[in-house]
Amino acid sequence: RDAIETDPDFPESYYNLGVIYHLQGLIENAISYYQKVLSLQADHLQAMINLGSALKLKGNIDEAISYFQHALLIKPDHASLHNNLGAAFQAQGALNEAITQYEKALTHDPEFIEAYNNLGMAYLEKGNPEQAKECFQTAIQKDNNFAEAHVNLAFALLLSGNFAEGFKEYEWRLKLENQSFSRYDRPLWDGADIAGKTLLLSAEQGFGDVIQFIRYVPLIAEKGATVIIECQQELKSLLQQVEGVSKVITFSEPIPAFDFHCYLLSLPRIFNTTLENIPSKIPYIPLDSVASWQWKERVKNDKSKLKVGLIWAGDPAFRKDNFRSLSCADFSPLLSLEGFTFYSLQMGQTAEQQSLLSGNIQLIDHTDAIHDFTDTAAFIENLDLVISVDTAVAHLAGALGKIIWVLLPFAPDWRWMLN
């Protein structure tokens with residue numbers, strides 16, 4: 001700032017300040033300073049590249065692509081720039097264009113492991129796990145400590161049904177730079193004899209992951225262990241009902257004494273999970289009888305043919321949410337059917353979309369009475385069918401043994417597999 005005051009026409013001062021804001025996550029400020037650089041020096045290559053990256057972070061993909069393409073006119077052999085442009089195309093869903101740019105990046109720099117990793121992800125999103133695996137394996141051959149490539153290889157293997165190798169590779173997630181897996185001072189459980197010991201089982205990821213993988217707890221209890229679950233507040237009362245769970249705490253509560261700890265998504269590897277032996281005792285999350293009765297009372301006067309729960313969108317903060325979420329209006333043809341009652345199960349900001357519906361449409365909203373997943377479960381139990389995009393509610397309905405229709409993208413998340 002002092003340099004800018006001394007010489008307000010020196011572009012490097014604005015550029016450096018933009019970089020600092022960029023590193024701090026203050027993207028709007030960064031964009032403003034990069035734009036100032038380009039107003040003073042139109043061919044400032046790095047400002048152009050950084051501006052494209054900042055715009056991509058903000059979600060302005062078309063603008064980002066424009067700046068990357070302009071920068072390539074200045075330096076067409078810039079491998080990182082081709083990689084950045086590929087990532088922008090991929091965020092837009094233009095996978096063929098993304099693949100072309102990643103391949104150009106590798107032409108200019110055959111040792112560019114991030115480009116191999118990104119190329120693999122593009123193939124994975126095209127529903128081609130075999131080509132994806134080749135890319136991830138090449139990146140790993142060039143740097144065996146590249147944790148992100150190992151994790152992505154795990155996704156490709158799991159999507160293909162190779163659970164043995166997939167869950168083994170998935171352990172590399174514990175070494176990802178942006179994850180924190182070191183807050184416990186007790187040994188990590190590796191499947192050894194645990195009879196008479198206490199295991200702290202930590203819910204490391206989102207609601208859906210916790211609901212899906214909590215099915216392993218009875219197997220741990222059968223080994224003679226006391227199981228404590230550490231999870232999000234919204235899941236606490238629901239998980240207390242699971243067989244084998246001794247105690248449930250939230251992340252903000254003090255941790256009781258324990259002997260070993262384990263992350264929830266490590267359990268499939270520990271129990272040598274295959275397609276044939278996935279724990280499938282249904283339901284594996286019992287209902288709270290009081291909550292179930294309360295929700296039964298709420299819908300008891302509904303005499304329609306079918307009572308259908310509907311959820312059209314997931315968390316918009318999810319990196320690939322645009323590949324899974326729909327709008328409420330997309331379901332309008334269903335909502336006007338006679339003889340069926342539709343109930344919203346949609347939580348969060350996207351729930352407001354139902355206020356925009358018009359015409360002869362019935363969508364009943366009781367979500368103001370949903371306080372946690374125990375309420376959601378009790379509501380689902382009193383419906384005939386749930387229709388959902390790929391969200392935690394889909395896993396919850398499955399855990400309860402309720403009929404659920406799940407809308408999936410062409411190349412789905414690994415747990416749904418390709419077929």
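Rings of Phe, Tyr and Trp, the last represented by its six-membered ring, are taken to pair if their centres lie within 6.5 Å.

**View 1. An aromatic cluster in the predicted model.** The structure shown here and in the following views is a predicted model. F163, F167, F213 and W414 together make up one aromatic cluster.

**View 2. The tilted ring pair of Y216 and F271.** The ring centres of Y216 and F271 are 5.8 Å apart and their planes stand at 35 degrees, so the pair is classed as tilted. Y216 belongs to the loop between α12 (207-213) and α13 (217-222), whereas F271 belongs to the loop between α15 (267-270) and α16 (289-299), and the pair therefore ties together parts that are 55 residues apart in sequence. Y216 is buried, with a relative accessible area of 3%, and F271 is buried as well, with a value of 18%, where buried means under 20%.

**View 3. The edge-to-face ring pair of Y343 and F379.** With centres 5.7 Å apart and planes at 80 degrees, the rings of Y343 and F379 form an edge-to-face pair. Because Y343 lies in strand β6 and F379 in helix α18 (residues 373-381), the contact ties together parts that are 36 residues apart in sequence. Y343 is buried at a relative accessible area of 3%, and F379 also counts as buried, at 0%.

**View 4. The open sheet of five parallel strands.** The strands are arranged in the order β7-β6-β5-β8-β9, and their pairing is parallel. From one strand to the next, the twist averages 25 degrees. Within the sheet, β5 (residues 306-311) and β6 (residues 340-344) pair in the parallel sense over five bridges, and K307 has T341 of β6 as its bridge partner.

**View 5. Helix α9 and its buried face.** Helix α9 (residues 129-142) comprises 14 residues and reaches 20 Å from its first C-alpha to its last, close to the 20 Å expected at 1.5 Å a residue. Its buried residues are P129, A132, K133, C135, F136, A139 and I140. Seen down the axis of α9, these buried residues fall within an arc of 165 degrees, so they line one face of the helix. The face turned away from that buried side carries the exposed residues E134 and Q141. Among the elements covering the buried residues of α9 are α8 (113-125), α10 (147-159) and α11 (163-170).

Technical notes: Residues numbered from 1 in each chain as written. Predicted model: local features only at pLDDT ≥ 70, side-chain atom pairs only at ≥ 80, totals over all residues. Heavy atoms only, no water. Helix = DSSP H or I, 4+ residues; strand = E, 2+ residues; numbered from the N terminus. Expected span 1.5 Å × (residues − 1). Buried < 20%, exposed > 50% of the residue type's maximum accessible area, 1.4 Å probe, protein only. Arc of directions from axis to C-beta. Contact = heavy atoms within 4.5 Å. Pairing = 2+ DSSP bridges. Axes fitted to C-alpha atoms, helices over the stretch in contact; angles between N-to-C directions. Phe/Tyr/Trp six-rings, centres within 6.5 Å; stacked < 30°, edge-to-face > 60°.
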